[in-house]
Amino acid sequence: MKIIHTPRHLGHSGHVELNNGQIVPAFEKPERVAMILDAIGARGLGPLIEPTVHGLDPLLAVHDPAYVRFLAQAWELWTAEGRETPALPSFWRAPGMRFIEPDAIDGKLGHFSFDAGCCIVAGTWDAVQAGADAALTGVDLLSGGERAAFALCRPPGHHAHAGTMGGYCFINNAAVAAQSLRDRGAARVAILDVDYHHGNGTQAIFYERGDVLVCNIHADPRQEFPYFLGYADETGAGAGEGFNANFPLPWGTDYEGWSAALEAACGRVNAFAPDALIVSLGVDTYKHDPISQFRLDSPDYLRIGRRIAALGLPTLFVMEGGYAVEAIGVNVANTLEGFETA
Ligand code: OKP
Ligand code: ZN
């Protein structure tokens with residue numbers, strides 16, 4: 001399958017994050033992509049292609065205009081204050097405070113985020129747009145009749161809400177791709193999010209819609225980030241009632257427990273009979289992931305790929321998380337190879 005990649009992701013790097021009360025180098029780093037490219041090349045997967053530019057309209061189809069404007073201007077506003085280090089939010093509203101976009105960049109950073117996981121540097125917005133373009137180029141391929149494609153997006157996207165960044169995510173690439181498929185005539189699109197963390201942004205964007213089914217297999221938010229969304233009783237609302245399915249699993253879950261949830265999620269996808277499938281592909285379910293607590297092993301990703309292929313749907317894989325850099329390439333390549341050899 002075609003793999004959509006551009007080195008423009010490299011502009012987003014050099015970040016720190018708060019982990020266990022310490023400021024540490026960011027886990028979401030450029031080496032992740034290098035390792036995936038190495039493994040894909042060694043495995044003979046591909047070919048690699050560059051994304052084509054799709055502009056802001058498909059982003060604005062799922063994101064708030066004020067948020068997109070903020071992302072485009074944030075670095076300029078931050079450096080106008082004389083700062084040269086990465087921009088990072090550290091102030092948020094409590095319930096009862098006003099939902100308002102302040103003038104000051106520190107206020108805007110808090111208004112448009114839900115954690116301190118999203119540093120902004122000079123190249124962030126370009127990298128983020130390139131990632132969305134990769135997902136949209138994947139939509140082009142599916143619309144042109146290809147069975148599958150892999151958008152090698154970095155940074156990831158599934159935590160980003162319509163108007164909020166968080167969890168390393170700025171633009172929700174999977175949501176942008178799903179909406180684009182709808183706009184090009186797909187009546188129903190399913191999103192299967194297999195990242196270790198709940199895709200809160202994707203869920204929220206489609207929560208009241210019945211045309212996009214969102215299924216999430218993830219660590220129980222009682223124990224794990226993002227903590228405040230991703231519970232099993234979140235089933236959709238309004239026209240979207242019954243079109244959101246969460247499969248929260250406890251820390252320590254191995255492939256046996258995880259694959260039972262995958263089976264249930266695949267049942268939901270089948271029953272929905274979508275025209276296309278988007279897989280939010282995180283491999284932070286891996287047993288040695290430095291910030292995660294599941295116990296999947298590298299060969300398990302071959303089986304995951306095969307199971308997804310058995311759905312028999314046009315499938316766009318969109319890269320999300322995975323922080324064990326020494327294994328991220330093998331785990332992604334295994335998923336794609338499992339899919340292709342099914
Ligand atoms: C993004 B994706 C570790 C605490 C958790 C946020 C994790 C975001 C994961 N510093 N921080 O879903 O892989
Ligand atoms: Zn994750």
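UniProt positions are given in the numbering used here, feature names are shortened, and annotations may be inferred rather than shown by experiment. The UniProt annotation "domain: Histone deacetylase", from an unreviewed entry, covers residues 28-337.

This is a predicted model: local features need pLDDT of at least 70, side-chain atom pairs count only at pLDDT 80 or more, and totals for chains, interfaces and linings use all residues. Residues are numbered from 1 along each chain as its sequence is written, while chains are lettered from A and ligands numbered from 1 in the order in which they are written.

Residues 28-337 are 38% helix and 12% strand. Helices (H or I, at least four residues) and strands (E, at least two) are DSSP runs, numbered from the N terminus.

**Core.** A nonpolar core is a set of buried Ala, Val, Leu, Ile, Met, Phe, Trp, Tyr and Cys residues joined through C-beta atoms within 7 Å. Buried means 20 or more other C-beta atoms within 10 Å of the residue's own, with C-beta atoms placed from the backbone. The largest core has 102 residues, and Leu152 is among those with the most contacts inside it. Helix H5 (residues 124-143) gives this core the most, 11 residues.

**Proline 155.** This residue sits in the loop between two elements:

| Element | Residues |
|---|---|
| Strand E5 | residues 148-151 |
| Helix H6 | residues 173-183 |

Proline 155 is buried because 31 other C-beta atoms lie within 10 Å. Leaving aside neighbours within four places in sequence, its contacts (C-beta atoms, placed from the backbone, within 7 Å) include His12, Glu28 and Tyr168. Proline 155 and glycine 238 are 32 Å apart, C-alpha to C-alpha.

Key. Buried ≥ 20, exposed ≤ 12 C-beta atoms within 10 Å, placed from the backbone. Contact = placed C-beta atoms within 7 Å.
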